[in-house]
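Dear colleague,

Please find below the structure for your study.

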Amino acid sequence: MVTEKIYFDANATTPMHQRALAAWNRVETECWYNPSSPFREGGRARRVLREARETLAGILGEGEEARLVFTSGATEANNMVLRWAAEQSARGVHRPGLLVGGAEHPAVRESALAYWPEAEIFVCPVQRDGRVDLREWERLLAGEKPGFATLMAANNETGILQPWQEAARLCAEAGVGYHCDAVQLPGKASLEGLPQCPFYTLSAHKFGGPKGCGVLRVPTRENSFHGQRGGEQEGGVRSGTEAPALAAAMAEALTEVREKWETWAPESGEGRALFEEVLRQTIPGVQILGEGVPRLTNTSFVIFPQGDQLRWVRLLDRQGVMASTGAACATAKEGPSHVLAAMGYEAMEARRSVRFSGLPQYGKAEWEFAAKAVAGAWQKISPA
Ligand code: PLP
């Protein structure tokens, strides 16, 4: 059902699913104790954590060979992995050098630059279609011999899917550690294959869970892995008092996603197709990124032929559509998106770009509403 104002910024964050909110409320009300406390209530809080971890492991297809570590979200997790891998390199545990995708989220890009000497970072560029070239990935693995690699699953700005399963396989064959920033997958694409990534990160608020909570997958065999030092929480891997209510809510959110995404995906795909068709018919010269490659069905990243992106989002806002200029974490930053630049788009084009990212459960009605809002905004922007 379409309401007055519709949210189209789901790649930035999502509202909590009712069952996740209920779980959070229940645990925070009845079982708010510190999981490290020695009395029975502390034990109950520990049990909540254990059950949440088991639920997540079941859905993600994880077994003994993986440890799912609760974190405050993906920024922390990405930092932890890349800092640890850089330390391993510095100690000579594995080869120096990091192979990194050309359109990564700042939580990966900036972490790489912070923890690795610049000369040891090898970027595998994305092509005009937004995807890394696997032959180049393979060539860099063989030629530069990096000790660790990271490639995101789906781009948060464009929704374009990277060939992350193949990249993981090539890394395994080359004996190189691999991390996947899989934040944008749950609720929008299949999670199959994640256990083949030695490390991956998820963030609950991107799939109907609470903010400030995520999961980092670490191979059990990596017993030197250390994310955050302090107490012995999370087996000493990530110190800091755990949040059972957040963990329980995240597990409920992923359960909802598992139960629903197979119906959501086709519906949002149809809705998005209709939206893009209307745009092509209404706005001559409009560009839709990633049309020819696999991408998330909830995302449409558009470069308009005219109009500054801030003007577009303000007009859309007035038309009842909450869209954005790209990544939420870059909204306050000057300059065009690094993702578009990496794909070879001009700064001028990037300044006319708008991201529409619907909730995964949206269907035709919501996307139609967005298309009408775009048509309304276009009437104000186009000179004709
Ligand atoms: N990685 C990707 C691909 C993202 O889209 C985001 C959030 O925008 C993050 C990492 C950071 O996640 P968090 O908000 O949990 O720190």
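How many aromatic pairs does the structure hold? The structure holds twelve aromatic pairs, where rings of Phe, Tyr and Trp (its six-membered ring) pair if their centres lie within 6.5 Å, with planes under 30 degrees apart counted as stacked, over 60 as edge-to-face and the rest as tilted.

This is a predicted model, in which local features need pLDDT of at least 70 and side-chain atom pairs count only at pLDDT 80 or more, while totals for chains, interfaces and linings use all residues. Residues are numbered from 1 along each chain as its sequence is written, and side-chain values use heavy atoms, with hydrogens and water left out.

A pair of aromatic rings is described by the distance of the centres and the angle of the planes. W84 and F199 form a tilted pair, 5.4 Å centre to centre with 45° between the planes.

Turning to the ligand, the residues around it (one heavy atom within 4 Å) include G73, H105, D181, S203 and H205. A polar side-chain atom of D181 lies 2.6 Å from a nitrogen atom of the ligand. Oxygen atoms of the ligand lie 2.6 Å from a polar side-chain atom of S203 and 2.9 Å from one of H205. Taken alone, the ligand exposes 390 Å², of which the protein buries 86% (Shrake-Rupley method, 1.4 Å probe).

Yours sincerely

Terms used
Polar contact = N/O pair within 3.5 Å; in protein donor to acceptor, adjacent residues only side chain to side chain.
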